Amino acid sequence: MTDGSAAGSGGDASPTVTLDDIEAARDRLTDVAHRTPLDTSRTFADMSGAASLGLKLETLQRTGSFKIRGAYNAMAQLSAAERETGVIAASAGNHAQGVALAGDLLGIDTTIVVPEVTPAAKIAATRGYGATVLVEGDIYERSYEFAAERAAETGETFVHPFDDEAVVAGQGTVGLELLAQYPAMDTVLVSVGGGGLISGIGTAVTAADRDVRVVGVQPEGAAHAKPSLEAGEIRPLSDVDTVAEGIADTRMLETTFAIAREVIDEVVTVSDREIAAAVALLAERAKLIAEGAGAAPLAAALSAELDLADANPAVVVSGGNVNLTDHAALARTGLVELGRYAEARLALAAWPRQVGDVVETVTAEGAELDTLERASRAATDHPNRTPVTIGIEGRGADHLDAVLAAVSELDGVSVVERSVVEQPTVPRSVDDEG
């Protein structure tokens, strides 16, 4: 295995993972990883302009993401001595669970180093598989440095989350499944963090006798892949800033960059708000809980930046490990982005009697009252009025306008401030999920 501790240009390297490697990984994973479903969505196809659209549901994989594939494939090939010494890994959460479960299945002691931004649900799940979890560093790079230093001191084998040939081959089994499950596929959209997943999938699909466009997707706050590929050398970011913590990497490394240069056809970026909208749509239309990294490819499919007219794309929903409170907040932001959620600050002359009037009006107008809270008084508030904040969900921006207009017409009630996205950034469809 490589430890990926130094980022070079990767310009002269050749891909080191073959179709044979991926097929061997598939054999090792036969009784370990699920062959996750491929669901087609008429709704998302219509919204993106595609002829058909498939969702590869790695959210239903063991540990809730694709990471068990690469982790197990790598750890299953360790020597007896390496297994005895144990392994260590650094991860924002999903690789951590993959390594922990692989260790449990193979009888290998595992230590996982995670950054401070890692969701509590991922930490709890990792410990649940028997791993020792250490929280070190504000971002993944700091956790990685700590884990690499410890591995050098203890002799533990470092299992890299992406820059490892065996890990890439394991992730490539997703591509083999896609080829079998979705014969019409001519495009595949994959999130890019360190590049392990897209390198594996890209290797698998480009080796097939089919013309499949491989599209990488990154958040604007961690968009290192496109400038690196255009420059022909790794261009690391100094920092990252994105809600999609699962792909909040600052760079690819030698192994993944070399493969990515050969298999990626295009890289698109999406905003955190577009990711939030995709999270909300996956929950509402596909009944899927997806984390930001898992929803990013759908955000790209629905964005204006990517032309999918008459195409048959596969969207890899790579993971669903997210705290429920974080998911709810992100989904609410997504509804705002879609123009279907409004927050407003009201001033009530008669508290609490008029609360009932507000509730009845919102309901009568056909909207859903999500929140209603008495707010802290600000210096700008009327001294003889009670400030109240509400959150309402409606059919669209025009509907929310009408609801708030009706509320403002109540005696003794005024709308002081409101927030609604008037122009949704993601197209909407009224069709039911198909």
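Helices (H or I, at least four residues) and strands (E, at least two) are DSSP runs, numbered from the N terminus. The model is predicted: local features need pLDDT of at least 70, side-chain atom pairs count only at pLDDT 80 or more, and totals for chains, interfaces and linings use all residues. Residues are numbered from 1 along each chain as its sequence is written, and side-chain values use heavy atoms, with hydrogens and water left out.

**Stop 1: helix α15.** Select residues 324-337. The expected span is 1.5 Å times one less than the number of residues. For these 14 residues that should be 20 Å, and the end C-alpha atoms are 20 Å apart, which agrees. Now color H327, L330, A331, G334, L335, V336 and E337: they are buried (under 20% relative accessible area; exposed is over 50%, partly exposed in between; 1.4 Å probe, protein chains only). Show α13 (272-285), β11 (341-348) and β13 (386-393), against which the buried residues of α15 pack. Just after α15, pick G339, with a positive phi of about 75°.

**Stop 2: N312.** Go to the loop between α14 (292-301) and β10 (313-317). N312 counts as buried because its relative accessibility is 15%. Its side chain makes a polar contact with the side chain of S52 at 2.6 Å (a pair of N or O atoms within 3.5 Å; within protein, one must be able to donate a hydrogen and the other to accept it, and residues adjacent in sequence count only if both atoms are side-chain atoms). Residues touched by N312 (heavy atoms within 4.5 Å) include Y182, M185 and D186, not counting residues up to four places away in sequence.
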